[in-house]
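Me: I am new to this structure and would like a close look at a single part of it. Could you take one side chain and describe carefully what surrounds it?

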Amino acid sequence: MLPAPADLFVVFRRTWSHLSGLGPLIGLILLCVAGTLLNPDFATLDNLMNVLTRTAFIGIIAVGMTFVIMSGGIDLSVGSMAALIAGCVILFMNHFTDNPLSGVVFGALFALVLGALFGTLHGLLITKGQIEAFVVTLGTLGIFRACLTWLADGGALTLADTQADIYSPVYYGSLLGVPIPVWVFAIVALAGGLLLNRTAFGRYAQAIGSNEQVARYAAIRVDRIKILTYALLGLCVGIATLLYVPRLGSATPSTGLLWELEAIAAVVVGGTTLKGGEGRIVGTVIGAILLSVISNILNLTSIISVYLNAAVQGVVIIIVAFLQRGR
């Protein structure tokens, strides 16, 4: 006896939903195969570690961005926020001339606190001030970068040599052959996955993104959850900045430029819907790696200019958003 058309439709929908969830992973595998065919150097261990290290900054921010977008928000200021945090941390560390080690330790704590405060400020303006997230973060995007430009007098803020020597292993060091930034990225992603899938906070954030009004009727403290999501994102920006500063040892007005585009792209490519209500940390991690692989392939080959990397990411966002329109 043949199954009814309605049963076939249900099976098709379940299969399609499962395959769409695997889409980012399948895309990453195909990209890796293509990269290996185009340039054998792509498949080397050194290149793999390089890709993962460069993914760490955006990947960590993208983990926090997942919670914000999943709850129906957006943050356009993360790149500028990272730049300002980097500048403030460098100034803070440079003041500890007599005890540079203390400067590095306290500077790291300062970066985390500063990121959380900036994120909390966003959350308060959005919830208590009742201003759209797009408008708030668009405004702070300009404010943060302008403040850094003022602090640097239009130039660069550079970490003192003594502090730089102590701080550099945070980026250039490794543990068991794996760079430190990759370990930190893995820990943040794991913590984000547990927070999303194993806590009430993660469930509430998804509920708010699905239908905020219904979430309020369900006695969910919507404003509190939203503020916490932005504070969490700010904390992630602080962590990413701590890993980025020792790479160049300086902060300039161009630091963190377009990081918001890359973070949002990683989240969207990973399967989190732009309208909220659904999010996947694993997908976000895969999305961040996928975008780094695209950039790496462009660097290793001459298919198109590396200067078009941001354009490629923009196209990816538009295509994925188009494919998500049914969800």
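Reply: **A close look at one side chain**

The backbone oxygen of threonine 255 lies 2.8 Å from a polar atom of the side chain of arginine 145. This is a predicted model, in which local features need pLDDT of at least 70 and side-chain atom pairs count only at pLDDT 80 or more, while totals for chains, interfaces and linings use all residues. Residues are numbered from 1 along each chain as its sequence is written, and side-chain values use heavy atoms, with hydrogens and water left out.

Arginine 145 belongs to helix α6, which covers residues 133-151 (a helix is a DSSP run of H or I, at least four residues, numbered from the N terminus). The arginine 145 side chain also makes a polar contact, at 3.2 Å, with the side chain of serine 80 (N or O atoms within 3.5 Å, one able to donate a hydrogen and the other to accept it; sequence neighbours count only through side-chain atoms on both sides).

Leaving aside residues up to four places away in sequence, arginine 145 touches Gly79, Ser80, Ala83, Pro253, Ser254, Thr255, Gly256 and Leu257 (heavy atoms within 4.5 Å).

Glutamate 260 is in turn touched by leucine 76, whose other contacts include Phe134, Thr137, Leu138, Leu141 and Ile264. Leucine 76 lies in the loop between α3 (45-70) and α4 (78-94), and it counts as buried because its relative accessibility is 16%.

Note on methods: Helices (H or I, at least four residues) and strands (E, at least two) are DSSP runs, numbered from the N terminus. Buried means under 20% relative accessible area, exposed over 50%, partly exposed in between (1.4 Å probe, protein chains only).
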